Amino acid sequence: MKFILKFLASLSIFFAGCCAYAEDSPNIVYILVDNWGWGDIRIQGGSIPTPRIDALAGEGMRMTNFNVENQCVPTRSAIMTGRLPIRSGTHRVTYGLPYGMAPWEYTLPELLSDAGYQTALFGKWHLGDVEGRLPTDQGFDQWYGIKNTTDEAGYSSTPQFDPEVVPQPYIWQGKKGQPSTKVKPFDLDSRKTIDREIVERSEAFIGEQAKTGSPFFLYMALTQIHPPLGHNPEFDNATGTGIYGDIITEVDYNVGRIVDALNNAGIADNTILILSGDNGAVTEGIGGGSNGPWRAGFTGYEGGLRTVGMVRWPNKIAAGSVSDEIFAALDWMPTLANLLGEAGRIPTDRPIDGVDQSAFLLGDQEKSSREHVLVYIGDELFAVKWRTFKIHLKTIESLWAPIQTPVFPIVYDVRNDPGEDNELIKESLFAYSWVYAAMGKVLTEKGASMVEYPNIKPGQDFEGYE
Ligand SMILES: [Ca+2]
Ligand SMILES: [Ca+2]
């Protein structure tokens, strides 16, 4: 009897410590589409039909002012950590140099694992390519996909490629506690089918987890629409508009398959489903890609930071809602932790730049909890978005253009001037210069925080602040 009581007591401690919210814990599915422009979906003016994505948008909140970082790496680290990428040394894409998140960073999948979730990444990681910095070192129970950029699929197609200098890129897989292993070369052939493999693995994971009943986090990071352009042969000439239309059609189909998988498993109502891009569309040289009304992708203009963003949580987040409030990729980590009742797990020994948007998503608060976005390109601060204004300290017109620095920062009202061409400082003869002071407050606060907590350098072995 004594033994049984002791056993029961230890069980209750186990449940209290590990899975206090397990019964009500919603699953989380994050579908990330690469290089997706704000205007690449029909419901936001896209030229290619995207019926599944448009329908999904109608079942939750569509965010028309969803802001990401400027490139693949920083947006992914922002989602994972809730921290400005400049702080974690993940502010730009690098090739062949040490990079990625230090193991010390506390990631969303680590937080969810600690809260009793099963976690999986299928797709592109791009946050570190050495043992110790792989997905299974940063909170994922399992992964399948590519360590670095999708650009690597093109390496072996260049005639001078030398695998003695740069190893042939591979598709990898791994489980927590074990070294990741090679699956097959990542080249122009496997590039065409990797997204289908990502979707099939995601479907299987959803089905298995639904049966076990334990909550899960699925991070499905598609490789589309990133160059080199290639798609599943099933979508050859899907729209008659060229390869970009075929790829958009494939993305819409793949999103639809995940929506169906959640429905078929009977868990759609208990799943927070997030769909977003990671930076704006490439519009030059690839025959497609639309940033909608926003100016110039991969720059400090709105086309470089505003992308597709939507979230569905049936009966919790109002279906069919559309919001132009500022929301950032940085906000997901603290927001999800709060929605789950796990805010106590958010680290307090480091700055977290994401804000809790749970009240805003649940409709308890009309306004977003965020008023500004810092726009970095690499390690340089290009602009600050504040309320409806955008203040440019530096500008570039495209990824390949030179950087220009105005004497007085350029100010636009992006709500009334989405194309950012009506410069308010000159037009108003400095009447709008008070907006500089609003920016100054934000920058003073962030600057002080970066003095107290110095930014981690790319690839640095970092073990914590004193
Ligand atoms: Ca990208
Ligand atoms: Ca970690």
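Let's start with phenylalanine 161, which is partly exposed because its relative accessible area is 21%; here buried means under 20%, exposed over 50% and partly exposed in between, with a 1.4 Å probe and protein chains only. Before we go on, this is a predicted model, where local features need pLDDT of at least 70, side-chain atom pairs count only at pLDDT 80 or more, and totals for chains, interfaces and linings use all residues. Residues are numbered from 1 along each chain as its sequence is written, chains are lettered from A and ligands numbered from 1 in the order in which they are written, and side-chain values use heavy atoms, leaving out hydrogens and water.

Now, the aromatic rings. A pair of rings is described by the distance of the centres and the angle of the planes. Rings of Phe, Tyr and Trp (its six-membered ring) pair if their centres lie within 6.5 Å, and planes under 30 degrees apart are stacked, over 60 edge-to-face, and the rest tilted. That rule gives 23 aromatic pairs. In one of them, tyrosine 155 and phenylalanine 161 have ring centres 6.2 Å apart and planes at 40°, so this pair is tilted. Elsewhere, one aromatic cluster is formed by Tyr30, Phe66, Trp125, Phe140, Phe217, Tyr219, Phe327 and Trp332.

Some rings have a charge over them, meaning NZ of Lys or CZ of Arg is within 6 Å of the ring centre and within 35 degrees of the ring normal. Arginine 306 does this over tryptophan 294, 3.7 Å from the ring centre. Likewise, the charged end of arginine 350 lies over the ring of tryptophan 104, at 3.6 Å from its centre.

Next, aspartate 162. You'll find aspartate 162 in the loop between β5 (142–146) and β6 (170–175); strands are DSSP runs of E, at least two residues long, numbered from the N terminus.

Last stop: threonine 271, in strand β9 (residues 271–277). Threonine 271 counts as buried because its relative accessibility is 0%. A polar atom of its side chain lies 2.7 Å from the backbone oxygen of isoleucine 267.

Definitions and conventions:
Helix = DSSP H or I, 4+ residues; strand = E, 2+ residues; numbered from the N terminus. Polar contact = N/O pair within 3.5 Å; in protein donor to acceptor, adjacent residues only side chain to side chain.
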